[in-house]
Every structure is written in structure tokens, then in C-alpha cells.
Amino acid sequence: MIGNNVIIGYSGHSYVILEILLNSGVMVDFYCDRVKKQNNPYNLNFLGNEENSDVLQKILHSKVYLGIGNNNQREKVCLHLLNHKIYVASAIHNSSIVASTVIINEGTVIMPGAVVQAMTLLGKGVICNTAAVIEHECKIGDFCHIAPGAVLAGNVSLGERAFVGANSVIKEGVSVGNDVIIGAGSVVIRDIPDNSVVAGNPSKSIR
């Protein structure tokens with residue numbers, strides 16, 4: 001069994017997670033992925049695919065970080081790990097500002113310059129990307145991704161797997177459904193139902 005830190009996924013998004021961890025003095029020694037990567041910029045050791053039972057046994061006592069950007073894939077992997085009693089850790093950059101009353105669930109990442117204000121709930125596997133702002137009393141569903149520079153005003157609710165594009169703004173009190181995609185630079189002033197794709201200022205449905 002491996003007792004060290006492990007990252008799941010080893011490509012673009014995971015590199016950002018690894019930098020957050022290095023900035024905090026956390027060393028990662030191993031990675032899991034579907035195949036061994038030719039490009040290995042952090043000199044990590046390959047353990048195999050986390051779906052395999054022998055790999056799960058190896059990481060049973062490890063602290064595991066999610067390096068997967070895709071919401072649906074991140075959900076699948078996270079729930080698989082949690083179902084096998086594996087500890088899925090969160091990563092929070094030292095330059096972020098997180099209020100003391102924020103609730104952070106497993107596998108969430110808060111990136112450099114992000115701000116998460118009082119009484120906000122972050123679900124499992126949430127990505128709060130670079131310089132994103134989540135104001136007070138927001139409820140962020142499991143496996144959402146709030147892209148760089150996006151702003152959520154107070155009391156915004158995001159359903160599961162919602163994606164908020166870079167530099168978008170969501171007005172206070174707005175509810176966004178499950179599996180919604182909000183295009184980059186959008187301004188959202190009304191509630192959005194499940195499975196919608198919206199963009200523009202003000203945002204309009206494009207699917």
C-alpha cells in the first residue's frame with residue numbers, strides 16, 4: 001500500500017493542482033491515469049488506473065487529489081474513490097481568501113486569488129478557479145466548475161455539474177440548475193433551468 005499523496009489524472013488541469021500543493025509544501029509522489037504519460041513534468045511515479053482493484057488497494061491509505069477538469073469525469077472518479085473508502089482531499093491555494101464559515105466538501109479545489117465569502121457551501125469536487133469570486137451564502141452543487149474571473153453575487157445557487165464560464169457574472173439570488181453551461185463573459189440575471197446552455201449579456205438560451 002502507498003501512504004503518500006496521489007493525484008488522479010495527469011495533464012493540464014492536474015498541473016495547476018500540483019502547483020497549489022507545492023505552494024503549500026505538499027509533495028505528490030504518484031499519479032493514476034488510464035495510461036502512463038509520456039510527458040512527466042513533475043517526475044511522478046505511475047500507479048495505474050484507479051478503476052483497477054489492485055490500484056485501489058495501493059492508494060487505500062493515501063491522500064488523493066482530483067486532477068480532472070471535466071465535471072462528469074471528475075464526479076465518476078470521485079464517487080468511485082469515496083465508495084471504496086479512499087480519502088479524497090481538497091486543495092486550497094495560500095493566496096485565496098476563504099471565510100471561516102465556508103463549508104468545503106471532499107475533492108474541492110480553490111485556486112490562486114479566488115475569494116469565497118461567508119456562509120457559502122461548496123459541494124464535492126467543486127473547482128473554484130483562478131480569481132473567481134463567490135459571495136456570501138452561495139450554494140455550489142457537487143462537481144461544479146466556476147471558471148477564472150467569474151463572479152457569483154450573494155445567495156446564488158448552482159446545481160450539480162454546472163459550468164460557469166470565465167469572467168461571467170451571476171446576479172444575486174439567481175438559481176442555476178443541474179448540468180447548465182454558462183458561456184464565457186455572460187451576465188446572468190434570471191434563473192436557469194436544468195440542462196440549459198446560455199450565453200450573452202444578458203444571457204439567453206442557445207440550446
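This is a predicted model: local features need pLDDT of at least 70, side-chain atom pairs count only at pLDDT 80 or more; totals for chains, interfaces and linings use all residues.
Local features need pLDDT of at least 70 and side-chain atom pairs count only at pLDDT 80 or more, while totals for chains, interfaces and linings use all residues. Residues are numbered from 1 along each chain as its sequence is written, and side-chain values use heavy atoms, with hydrogens and water left out.

- To the contact (heavy atoms within 4.5 Å), domain 1 gives 20 residues and domain 2 gives 22 residues.
- Between them, domain 1 and domain 2 bury about 1,500 Å², with 63% of it on carbon and sulfur atoms. Buried area here is the accessible area (1.4 Å probe) that two parts lose on being put together, summed over both.
- Three residues stand out on the domain 1 side: Ile20, Asn71 and Arg74 supply 34% of the area that domain 1 buries against domain 2, more than any other three residues.
- Between domain 1 and domain 2 there is 1 salt bridge, a term that stands for a side-chain nitrogen of Lys or Arg within 4 Å of a carboxyl oxygen of Asp or Glu. Glu75 forms a salt bridge with Arg161, and their closest N and O atoms are 3.1 Å apart.
- On the side of domain 1 that touches domain 2, α1 (12-23), β4 (63-66) and α3 (71-83) each supply at least two residues. The largest share, 7 residues, comes from α3. Helices (H or I, at least four residues) and strands (E, at least two) are DSSP runs, numbered from the N terminus.
- By class, this side of domain 1 has 12 nonpolar, 6 polar and 2 charged residues. Ala, Val, Leu, Ile, Met, Phe, Trp, Tyr, Cys and Pro count as nonpolar, Asp, Glu, Lys and Arg as charged, and the others, Gly among them, as polar.

**The sheet β3-β2-β1-β4-β5**

- This open sheet has 5 strands in the order β3-β2-β1-β4-β5, with parallel pairing; two strands pair if DSSP finds at least two bridges between them.
- β3 (45-48) and β5 (87-88) are at the edges with a single partner strand each, so one side of each has no neighbour in the sheet.
- β2 (residues 28-32) pairs with β3 in the parallel sense over 3 bridges, and Cys32 stands opposite Gly48 in β3.
- β1 (residues 5-8) runs parallel to β4, joined to it by 4 bridges; Ile7 stands opposite Tyr65 in β4.
- β4 also pairs with β5 in the parallel sense, over 2 bridges, where Val64 stands opposite Val88.

**The sheet β8-β11-β14-β17-β20**

- A further open sheet of 5 strands has the order β8-β11-β14-β17-β20, again with parallel pairing. Its edge strands, β8 (103-104) and β20 (175-176), each pair on one side only.
- β11 (residues 121-122) and β14 (residues 139-140) pair in the parallel sense over 2 bridges, with Lys139 in β14 as the bridge partner of Leu121.

**Salt bridges and backbone details**

- The count of salt bridges comes to 5. One of them joins the side chains of Lys76 and Glu51 (3.6 Å, N to O). This pair links distant parts of the chain, 25 residues apart: Lys76 is in helix α3, and Glu51 is in the loop between β3 and α2 (53-58).
- Most residues other than glycine have a negative phi, and most peptide bonds are trans. Glu137 has a positive phi, near 60°, and lies in the loop between β13 (133-134) and β14.
- The peptide bond from Asn201 to Pro202 is cis, with omega near -5°. Pro202 is in the loop between β23 (197-199) and β24 (204-205).
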